[in-house]
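Welcome! Here is a protein model to explore together, one question at a time.

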Amino acid sequence: MQWDKDAELAVAKVPFFVRKRVQKRVETEAEQSGAARITMDHVAACRQRYLHKQEDEVQGFTIESCFGHSGCPNRIDTGENLVEQLETLLRAHKLKEFMHSRVSGKLKLHHEFRVTLADCPNGCSRPQIVDIGLISACLPVPTELPCSDCGVCLDVCREEGIAFPVSGKGPQFDWQRCLACGQCAKACPTGAIAQGLTGYRILLGGKLGRHPQLGQELSGIFSAQTTLEIVDTCLIHFKAENRRGERFGELLNRTGGEFLSPYTLKPA
Ligand code: SF4
Ligand code: SF4
Ligand code: SF4
């Protein structure tokens, strides 16, 4: 459906962490009212509801993803429908009811537990500043196939994570620098680099607000199943230890990451 310019601009000013939801809500309501275009009236009606009946809009959690699935060439395709599986998991934790038990007064949107998935390390959906941020990852592996010394992998790697220390011996990877973006394996014309372990990096406890902090990364790349198990463990811990509706990042600072064992947080 077409948007009037002023309506579009008004929604662009909505805080980013609820913008997509507000946009969708305005579109749905305009559609249901039989409107041909979305106007400022639709936006204003939605804004009133968010301002005065915000608690009705709180669902306890949000899940966002980047637009990698719409054809972004940087996307790492893990072959999983992780967002749907995460939604089922988060819903089962009944986080709205839980937050009611911890927060005095009405719930606001900032009380929601936020999970974000980015389909590559560029992180367009900002996985670094939410309670749990996931980044699709693909480790490169050298193969037995011959390297033609074309240098394409060196050009595509933005991290300077590849070197050829011994002539004729193929690529070596610097795992301290490599962000597992998978681009070198995609670009290698001879197959001397292939796609290896594919899954998700996990960042925990990022937030904005009065004391902003970036999420701390767990060491490793995890399968979809293990990622879901780790998210579940985090939610159980969050509900067991939460004081007055604090954010997961504050809680993690207070309790440490031992509850994640056998997994460990990377040193800051
Ligand atoms: S995070 Fe990566 S895959 Fe997703 S939209 Fe951004 S560049 Fe594309
Ligand atoms: S996966 Fe990405 S970051 Fe890692 S070596 Fe290849 S191009 Fe560089
Ligand atoms: S892109 Fe492949 S063939 Fe070219 S230098 Fe790198 S490893 Fe060798």
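What follows is a friendly conversation about this predicted model.

Visitor: What distance separates the centres of domain 1 and domain 2?
Guide: Let's begin with where the domains lie. The domain assignment places domain 1 at residues 1–52 and domain 2 at 138–197. Taken over C-alpha atoms, their centres are separated by 46 Å.

Visitor: Which class has nine residues in the shell around ligand 3?
Guide: The shell around ligand 3 holds 13 residues, and among the closest are Cys147, Cys150, Cys153 and Cys188, along with Gly151. The shell has one charged residue and three polar ones, and the class with nine is nonpolar.

Visitor: How many disulfides does the model have?
Guide: To count as a disulfide, a pair of cysteine sulfur atoms must lie within 2.5 Å. By this rule, the count of disulfides is zero.

Visitor: Which residue is joined to Ser261 by a cis peptide bond?
Guide: Look in the segment after helix H10, which spans 248–255. The cis bond there has an omega of about 15°. The partner of Ser261 in this bond is Pro262.

Visitor: Glu160 has a positive phi; where is Glu160 placed?
Guide: Phi of Glu160 is near 50°, a positive value in a residue other than glycine. Glu160 is also exposed, because its relative accessible area is 62%.

Visitor: Is Arg244 buried or exposed?
Guide: Arg244 lies in the loop between helix H9 (224–241) and H10. Arg244 is not a glycine, yet its phi is positive, about 50°. Its relative accessible area is 72%, so Arg244 is exposed.

Visitor: What is the volume of the largest pocket?
Guide: Probing for open space is a handy idea: rolling a probe the size of a water molecule over the atoms shows where empty space is left. The largest pocket found in this model has a volume of about 820 Å³.

Visitor: Which element gives the largest share of the lining of the largest pocket?
Guide: This pocket is lined by 31 residues, and those closest to its centre include Phe16, Phe17 and Arg114. By class, the lining has nine nonpolar, 10 polar and 12 charged residues. Helix H2 (16–32), strand S3 (61–65) and strand S4 (113–118) each supply at least two residues. The largest share, five residues, comes from H2.

Visitor: And which element gives the most to the lining of the second largest pocket?
Guide: The second largest pocket has a volume of about 490 Å³. Its lining counts 16 residues, with Lys20, Arg21, Lys24, Ile63 and Glu64 the closest to the centre. H2, S3 and helix H5 (82–92) each supply at least two residues. With five residues, the element that gives the most is S3.

Visitor: How many charged residues are in the lining of the second largest pocket?
Guide: Asp, Glu, Lys and Arg count as charged. The lining has six nonpolar and four polar residues, and the number of charged residues is six.

Methods: Residues numbered from 1 in each chain as written. Chains lettered and ligands numbered in written order. Predicted model: local features only at pLDDT ≥ 70, side-chain atom pairs only at ≥ 80, totals over all residues. Heavy atoms only, no water. Domains from an automatic or database assignment. Near = heavy atom within 4 Å. Helix = DSSP H or I, 4+ residues; strand = E, 2+ residues; numbered from the N terminus. Buried < 20%, exposed > 50% of the residue type's maximum accessible area, 1.4 Å probe, protein only. 1 Å grid on protein atoms, 1.4 Å probe; cavity = no way out; pocket = protein on both sides within 12 Å on 5 of 7 lines; lining within 4 Å. Points joined across faces, edges and corners; volume = space filled by probe spheres on them.
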